[in-house]
Amino acid sequence: GPADRIMSTNDISAFDVILPTPVPEKGRVLNQLSLFWFDLTKDIVKNHLVSADPKDMPEEFSKEEYKDRVMLVKKLKMLPYEFIIRGYMFGSMWKAYQAGEPFCGQVITGDYQLAQKLEKPILTPSTKATEGHDEYSVTHEGLVKDLGEELAQKLEDTCLRLFEKCYDYAYERGIIIADTKFEFGRVDGRLILADEVLTPDSSRFWPGDEYEPGKSQSSFDKQYVRDWLTAHWDKESGTKPPRLPEDVIKRTSEKYIEAYEKITGEKFPFA
């Protein structure tokens, strides 16, 4: 069937802005981690990967700059949802919980602190707005109405199985996946896992050895970047973000590489 190419770049964004300073190796980490998870989860659901071998790539992708950051994938009809799975009380869910409001149509019972593990992970799908960064949450009923009972159920089951397997895998290796998002397409009616999977860009990774409920956690990816920007840039001012200092970039790059090495158990081979 028709194929597409996906390339992971070193660009980094924070607060919905692409920053002027790329992060070395970031693209490779995202690409290689996605490949790792695709392989680990292929018994649960098929994925869109065709090949990551340079010799299968079209000529224009054989340049050195593309090495280890491109994959050849099946062209899919994507479902217009992001399937966000949350295993911990954090972010917008914590805000709703504190206000005593239902979250994505679900009432959260129980006594939780910030960043505490949920009794069981919950799925909160959202639709991607075509413009801007707005997302609208979708209830189980909304999903059923749009996709039918059978597909909605299959998606929910698949997401929870994926999350459980990968969460356990990462947890044993010192990384807590607090939440993540999956995207799916369909080929001949079959569900296919697509886009990037379980990277520090599509998930919240927390270092297991520093985890402590009741407070905000240090994240595994853009923490240094966000902290530095918060201190040095007024994001409401309408000005462009400043270039990041070398040490912030270096530490961020190291965090991405560390995530790769912890999860795969291998030295990052490309740095």
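**Close-up views of a predicted model**

**View 1. The second largest pocket and the residues around it.** In this predicted model, the second largest pocket has a volume of about 300 Å³. Its lining is made up of 16 residues, and those that lie nearest the centre of the pocket are Gln 106, Ile 122, Leu 123, His 140 and Glu 156. At least two lining residues come from each of β8 (117–128), α3 (140–147) and α4 (149–172), and β8 gives the most, with five residues. Sorted by class, the lining of this pocket holds seven nonpolar, five polar and four charged residues.

**View 2. The packing of helices α5 and α6.** Two packed helices are described by the angle between their axes and by the distance between the axes. Here helix α5 (residues 223–232) packs with helix α6 (residues 246–264) at an angle of about 155 degrees, and their axes are 8 Å apart. Because angles over 145 degrees count as roughly antiparallel, α5 and α6 are described as roughly antiparallel to each other. On the α5 side of the contact are Tyr 224, Val 225 and Trp 228, which meet Val 248, Arg 251, Thr 252 and Lys 255 in α6. By class, this contact has four nonpolar, one polar and two charged residues.

**View 3. A salt bridge between Lys 165 and Asp 43.** In the whole structure a search finds 15 salt bridges, and one of them joins Lys 165 to Asp 43, with the closest N and O atoms 3.3 Å apart. This pair links distant parts of the chain, since Lys 165 belongs to helix α4 while Asp 43 lies in the loop between α1 (26–41) and β4 (49–51), 122 residues apart.

Methods:
Residues numbered from 1 in each chain as written. Predicted model: local features only at pLDDT ≥ 70, side-chain atom pairs only at ≥ 80, totals over all residues. Heavy atoms only, no water. Axes fitted to C-alpha atoms, helices over the stretch in contact; angles between N-to-C directions. Helix = DSSP H or I, 4+ residues; strand = E, 2+ residues; numbered from the N terminus. Parallel < 35°, antiparallel > 145°, perpendicular 65-115°, else oblique. Contact = heavy atoms within 4.5 Å. Nonpolar A, V, L, I, M, F, W, Y, C, P; charged D, E, K, R; others polar. 1 Å grid on protein atoms, 1.4 Å probe; cavity = no way out; pocket = protein on both sides within 12 Å on 5 of 7 lines; lining within 4 Å. Points joined across faces, edges and corners; volume = space filled by probe spheres on them. Salt bridge = Lys/Arg side-chain N within 4 Å of Asp/Glu carboxyl O.
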